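Here's a quick briefing to read with the model open beside you. Have a look at the coordinates, then come back for the notes.

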Amino acid sequence: MSLNKINHEKLLILGLLCLTFFFIFWVIPNSVIDPENFGIKDGLPPSFTPYLVGLLTFFTLVFQYINRFIFKTNNDVETKIPVFSKNIFNRSSYIILICLLYSFLFIEYLGFYLGSFIFIFILSFILGEKRILILSLFSTFLILFIYVGFNVGFNIFLPESRILEQVFEGILN
Amino acid sequence: MENIVAGIQLATTPEALIAIFIGLIAGQILGAIPGLTASMAVALLVPYTFYLDPWIGIPMLLGMFKGSLFGSSITAILIKTPGTPAAAATVLDGYPLAQKGKGVKAMKMALYSSVFGDTFSDVMLIFAAGFLASIALNFGPPEYALLTGFSLICISSLTGNSIWKGLLSVFLGMIIGMIGLDPITATPRLTFDYLELEEGIGLIPMLIGTLAVSEEIRQMEQPVKKLASSTLTFSKKKIDNIVTLSEFKSTLPTILKSSGLGTLIGAMPGLGSTIAAFLAYGEAKRSSKFPEKFGKGSLEGVAASESANNAVSGSNMIPLLAFGIPGDIAAALIMGAFLIQGITLGPVVFQDNPIEIYAIFAALIVANLFNLVLGHGLIRMCKHVVTVPKRLLFPAVLVVASAGAYAIRGSLFDIQLVFIFGILGYLMIKCDIPTVPMLIGFILIPILEENLRITILLGSSHDLDIGFIFTRPAFLILLLIMILASFLVLKRRKLHNLEKFTNKKL
């Protein structure tokens, strides 16, 4: 999945230009509503800065495109192209997926402590730590450390498990 | 004179000294935990000061504040996770130094420059509180808008390899910073009626995600064999574990300049230590003889950001003591502690409570000396933590960082943001887009926008004539300084590019 430097930069600029258009013509009109009868005497409207930044982004990209591909000048000190070998791509995809599962599902449904225990266990296992005893002890020790530090020390109560709560409620009822 | 002696005596009682000592240790440890900021450390202690004698509680608070600022730089250097946002700029050179085996050297440089910056600003506080506060009070919305706008341009053009990528990164940060309620009309912006977004994106989750999580994802993609070793190895050579006198001497001009800049910024209410650190870093890079070393492990870079962010801690007491205006959240909390003890800060405090004021000055200086001693102990302790293999350390850091992000607002959304920004940062690294300008854009946009819009509103009271800003002496002086600085930045960048080009050709 390697691209040459020119094509990579061209693709990056064009992709970012599309995103900028999307931001200016869809995101801002649909998410920033100026108060009614907002006049020049009231100062600048809330949509002013988003439009200004959107336009500045647009002009920066167009300027760079013209400069680089029409006038063919290059003021950059050095440019790197992304390295995405198949192995790296697969590995980083797994890691990102586990991180997303942890933040969006594990903590919400299993609670911070149980979710984190499972997260450390799985991620360390994928990263190469195959000794189950070490994994279990390390995860338990870390969770205890966080519990003592946050819950006991500072009275900061980290999210609790929704599922376990329902299970316990079911047993008690 | 009697008041000065009485103040020093009050601050150096055994109880007060022990309080400073405990405050510093607690502050250094809290500061090293990502997500627990200096303000948070102080906030945690403020309620307890009510039950303590004033001259135990207040020195403890001051010690905790100073300790947390240094503690935050330890994790910034060793695991690329700033304990507090103020240490974010320290990551830029501290972490590359640690990767070269010079972690202890970087931490020691951070300690010395922190203590230097701190002491510098405390001395300025003692001798020039009134004068500096009067300069800072001349700064109105037009000057703040100009200062922040200029900082944005400077930082985007100095960070990374291409100006356009730096600018894009700044713009992205500005867009993210606009999410939430409009600062003037309180209209929701870019929230799509999503309640969590109305509070805006939290700085801590964004910092942890962009700086730490992105770097960890990048490192975790390495082959399994490489992950069996520890994240960092420490060089055994003595020279790599100490800061030599000649190294300190060579960074002294940078430390002095950054301390001055930090002191000035601290004296301006609302700007804070994060901005001071990045501005000082940018300025140090601009004026350095070796700008190409910045971002790759320059001691000057560490010294600049650390001395500037610590210099803020003393000088943000200037508007607090002189006018009763807290410069940042931590100063506001310290003000709260004084109020609890029945001391109202402001112009009359020098007349009503002179002994207490001199006692504060003495406590600040004593805290700096203790910080220097205790800092060495913390460095030794933290050195051992990072010897854990990467495959165990990375997941552990991610979990601790998530807990820290949650602790700020008690929001699950903040944990999700940590990982979303981690992935965004990772993609930016892959596309060679610098992430730091994005953070600066994010931090500065509320200040820039608010002051710009207030300036326009002020213009509408001058018959819609924005030209009134040119009648303000402070604005004109600042503009002149900035034009001069821009000229120097462009000249330096041109020379730097030319040098690189020549080297390549050769």
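In which loop does A186(B) lie? A186(B) sits in the loop between β1 (180-181) and β2 (188-189) of chain B. Before going on, note that this is a predicted model, where local features need pLDDT of at least 70, side-chain atom pairs count only at pLDDT 80 or more, and totals for chains, interfaces and linings use all residues. As for labels, residues are numbered from 1 along each chain as its sequence is written, while chains are lettered from A and ligands numbered from 1 in the order in which they are written.

**Positive phi in chain B**

- A186(B) has phi near 60°, a positive value in a residue other than glycine.
- A186(B) is exposed because it has 11 other C-beta atoms within 10 Å; the cut-offs are 20 or more for buried, 12 or fewer for exposed and partly exposed in between, counting other C-beta atoms, placed from the backbone, within 10 Å of the residue's own.
- L190(B) isn't a glycine either, yet its phi is positive at about 55°.
- You'll find L190(B) in the loop between β2 and α9 (195-198) of chain B, and with 21 C-beta neighbours inside 10 Å it counts as buried.

**Chain B overall**

- Chain B has 22 helices and two strands; these are DSSP runs numbered from the N terminus, with helices being H or I over at least four residues and strands being E over at least two.
- Of the 506 residues of chain B, 58% count as buried.
- Take the contacts in chain B between residues at least 6 apart in sequence: 79% of them join residues at least 24 apart. Here a contact means that two C-beta atoms, placed from the backbone, lie within 7 Å.
- Helix α4 (residues 54-79) of chain B has 26 residues and reaches 37 Å from its first C-alpha to its last, close to the 38 Å expected at 1.5 Å a residue. That expected span is 1.5 Å times one less than the number of residues.
- α4(B) is mostly covered, with 23 of its 26 residues buried.

**The α3/α4 pair in chain A**

- Helix α3 (residues 86-110) and helix α4 (residues 112-126) of chain A have axes that come within 8 Å and cross at roughly 165°. Axes are lines fitted to C-alpha atoms, for helices over the stretch in contact, and angles run from 0 to 180 degrees between N-to-C directions.
- α3(A) and α4(A) are therefore roughly antiparallel to each other, a label for angles over 145 degrees.
- Residues of α3(A) including Y94(A), I98(A) and F106(A) meet a set in α4(A) that includes L114(A), I118(A) and I122(A).
- By class, the contact of α3(A) with α4(A) has 13 nonpolar, one polar and no charged residues. Ala, Val, Leu, Ile, Met, Phe, Trp, Tyr, Cys and Pro count as nonpolar, Asp, Glu, Lys and Arg as charged, and the others, Gly among them, as polar.

**Where the chains meet**

- The contact takes 54 residues from chain A and 53 residues from chain B.
- α3(A) gives the most to the side of chain A that touches chain B, with eleven residues.
- That side of chain A has 34 nonpolar, 13 polar and seven charged residues.

**One exposed spot in chain A**

- V167(A) lies in helix α6 (residues 162-172) of chain A, and it counts as exposed with 11 C-beta neighbours inside 10 Å.
- The C-alpha atoms of V167(A) and F145(A), 22 residues apart along the chain, are separated by 26 Å.

Technical notes: Parallel < 35°, antiparallel > 145°, perpendicular 65-115°, else oblique.
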